[in-house]
Amino acid sequence: MKNKKSNHSFLILVISALIGLTLTLITTHSDSEASIQKDIAKKIIRFHVIANSDSNEDQELKLKVKDAVVSYISPLLKKSGSIKESESVLIRESDNIKNIALNIIHDNGYSYDVEAIITDTYFPTKVYGEFSFPPGKYHAYEIKIGKAQGKNWWCVLYPPLCFVDVSLGVVDEDGKKMLSKTLTTEEYSAVSKDCKVAYRFKYLKFLNSLLED
């Protein structure tokens, strides 16, 4: 009887130790991910186009504005060699970008106003092509259409990863190479969907849910 109690106590002790280790690993992983995100955020500029609302018409208009702006700004940003230079281009071209957006809006029969600004904004986890960027605050160039209460479209302006045809989901090779040079190996692995590493318990499978992102 004593042996059974001893074995039961030992099993509880082992499970408790494993749970404690798991929670420690999760906390360490979360802290590490947050630190990497902050480092990545210092090296990229994201692009954010926010629709007036979630109506089908406003969402379609958002994509038309995005297409026109990306087509205009991408060739200019491809010549940029740094985040500061890219930011300078965006500031210099901001009036032109706003006018392009307004022209698209008016040509489609709407009278929405447009705000175009560089700001720090929070992004949840976002997948773009073969990259997945961790949640956190990023420097972003935002275009707000009308009330800006609808779903948004986003990409990365520096390094230039934006593609016009979202249905293709293919990131430009030059942009991909520039991203790999801009980020450290660890940072690049953190955003590349092909480099994710998952840890799992083989026998205590009920603990695996604790390791989910």
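Which residues does Arg46 touch, not counting residues up to four places away in sequence? The list is Phe123, Lys126, Phe133, Pro134, Tyr138, His139, Ala140, Tyr141, Trp154, Cys155, Val156 and Leu157. Contact here means heavy atoms within 4.5 Å.

This is a predicted model, in which local features need pLDDT of at least 70, side-chain atom pairs count only at pLDDT 80 or more, and totals for chains, interfaces and linings use all residues. Residues are numbered from 1 along each chain as its sequence is written, and side-chain values use heavy atoms, with hydrogens and water left out.

## Overall layout

The chain has five helices and six strands. Along the sequence they follow the pattern α-β-α-α-β-β-β-β-β-α-α. Helices (H or I, at least four residues) and strands (E, at least two) are DSSP runs, numbered from the N terminus.

Of the 213 residues, 35% count as buried. Buried means under 20% relative accessible area, exposed means over 50%, and partly exposed lies in between (1.4 Å probe, protein chains only). The chain exposes about 12,600 Å², and carbon and sulfur atoms supply 55% of that area. Accessible areas come from the Shrake-Rupley method with a 1.4 Å probe; for residues, only the protein chains shown count as cover.

Among contacts with a separation of 6 or more, 70% join residues 24 or more positions apart.

## The nonpolar core

The largest nonpolar core has 42 residues. Such a core is a set of buried Ala, Val, Leu, Ile, Met, Phe, Trp, Tyr and Cys residues joined through side-chain atoms within 4.5 Å. In soluble globular proteins, nonpolar side chains tend to be buried together. Phe47, Phe133 and Ile143 have the most contacts inside this core. Beyond four places in sequence, Ile143 touches Phe47, His48, Val49, Ile50, Val65, Val69, Ile97, Val114, Glu115 and Ala116.

Strand E1 spans residues 45-50 and holds Val49. Arg46 is buried, with a relative accessible area of 0%. Val49 counts as buried because its relative accessibility is 0%. Its contacts beyond four places in sequence include Lys62, Val65, Ile143 and Trp153.

Lys126 lies in strand E3 (residues 126-128). Lys126 is buried at 18% relative accessible area. Its contacts include Arg46, Phe133 and Trp154.

| Pair | Apart in sequence | C-alpha to C-alpha |
|---|---|---|
| Arg46 and Tyr138 | 92 residues | 7.0 Å |
| Val49 and Asn152 | 103 residues | 5.4 Å |
| Lys126 and Val191 | 65 residues | 9.8 Å |

## Aromatic rings

The structure holds eight aromatic pairs. Tyr110 and Tyr112 make a stacked one, 5.3 Å centre to centre with 20° between the planes. Rings of Phe, Tyr and Trp (its six-membered ring) pair if their centres lie within 6.5 Å; planes under 30 degrees apart count as stacked, over 60 as edge-to-face and the rest as tilted. Tyr110 counts as partly exposed because its relative accessibility is 25%.

Phe133 and Trp154 have ring centres 5.8 Å apart and planes at 90°, so the pair is edge-to-face. The pair links distant parts of the chain, with Phe133 in strand E4 (residues 131-133) and Trp154 in strand E6 (residues 152-158), 21 residues apart. Both Phe133 and Trp154 are buried.

## Two helices

Which residues of helix H4 (residues 173-182) are buried? They are Gly175, Lys176 and Leu179. These residues cover an arc of only 100° around the axis, so they lie on the same side of H4. The arc is that of the directions from the helix axis to the C-beta atoms. The face turned away from the buried side of H4 carries the exposed residues Asp174, Lys177 and Lys181. Cover for the buried residues of H4 includes E4 and helix H5 (185-191).

Ser94 is found in helix H3 (residues 83-107). Ser94 counts as buried because its relative accessibility is 15%. Beyond four places in sequence, Ser94 is in contact with Ala116 and Tyr141.
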